[in-house]
Amino acid sequence: MRSLPNIIITGTPGVGKTTTCTQLLGLASSATPAINLKPLSINDLVKSRSCHSGYDEDLQSLIVDDDKLMDEVEKDIADGDGEGGWVIDWHSTAGFAVRWVDLVVVLRCEETSVLYDRLAARGYKDAKVQENMDAEIFGVVTEEAKEGWGDEEEGRVVELKSVNADDIEENAERILQWVKNWIKDHTTDGKGD
């Protein structure tokens, strides 16, 4: 049994996943006692372990080999049976085994002008901006997460607003509180070890 939960922080590009993960990891390491959460950037994993089969020029992104990627993720998180504490940063929940993850946080930026500006600032082509805007408007990532982990009422999928810096800070604090509660509920001493 894990001594720390595994969490996916997901959402369409531009919603603040990486910033939220960084903020959460900083808060966890400075907590008393410190909580040893570990980052797992799927973007970095795809590149560093060649979990791709080419490049899509129109969408300006690598073509991910999902099978190879999930094999690599499984190695890192010990098929969900390791100590846990992984904070996974990725734009999708597809391919992740439900048993690997205790909480799915879907970040949303429903203020389309804000999201558009973020995506345009990255230099994305119009096709990529439009694809990501459509995914955000229609809640594609949320629906995908609910299909795997159930509705928000079941507590494993949480949708959080991520429009500005205050939202990111509040979200990181909320997730850290969830981690602390999980530790209390799932360990014998309530401290994670």
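Ser-50 sits in the loop that runs between α2 (42–48) and β3 (52–56). Helices here are DSSP runs of H or I with at least four residues, strands are runs of E with at least two, and both are numbered from the N terminus. Phi of Ser-50 is near 50°, which is a positive value in a residue other than glycine.

This is a predicted model, with local features needing pLDDT of at least 70, side-chain atom pairs counting only at pLDDT 80 or more, and totals for chains, interfaces and linings using all residues. Residues are numbered from 1 along each chain as its sequence is written, and side-chain values use heavy atoms, leaving out hydrogens and water.

Now for the loop between α1 and β2 (38–41): that's where you'll find Pro-33. A cis peptide bond links Thr-32 to Pro-33, with omega at about -5°.

## The largest pocket

The largest pocket holds about 960 Å³ of space.

In terms of method, a pocket is an open set of points on a 1 Å grid over the protein atoms alone, where a 1.4 Å probe fits and protein lies on both sides within 12 Å along at least five of seven lines; lining residues have an atom within 4 Å of a point. Points are joined across faces, edges and corners, and the volume is the space filled by probe spheres set on them.

The lining splits into 13 nonpolar, 12 polar and nine charged residues. (Nonpolar means Ala, Val, Leu, Ile, Met, Phe, Trp, Tyr, Cys and Pro; charged means Asp, Glu, Lys and Arg; the others, Gly among them, are polar.)

## α4 against α5

The axes of helix α4 (residues 112–121) and α5 come within 10 Å and cross at roughly 150°. (Axes are lines fitted to C-alpha atoms, for helices over the stretch in contact, with angles from 0 to 180 degrees between N-to-C directions.) So α4 is roughly antiparallel to α5, a label for angles over 145 degrees.

From α4, Thr-112, Leu-115, Tyr-116, Leu-119 and Ala-120 make the contact, meeting Val-129, Asn-132, Met-133, Glu-136 and Ile-137 of α5; contact means heavy atoms within 4.5 Å. By class, that's seven nonpolar, two polar and one charged.

Key
Parallel < 35°, antiparallel > 145°, perpendicular 65-115°, else oblique.
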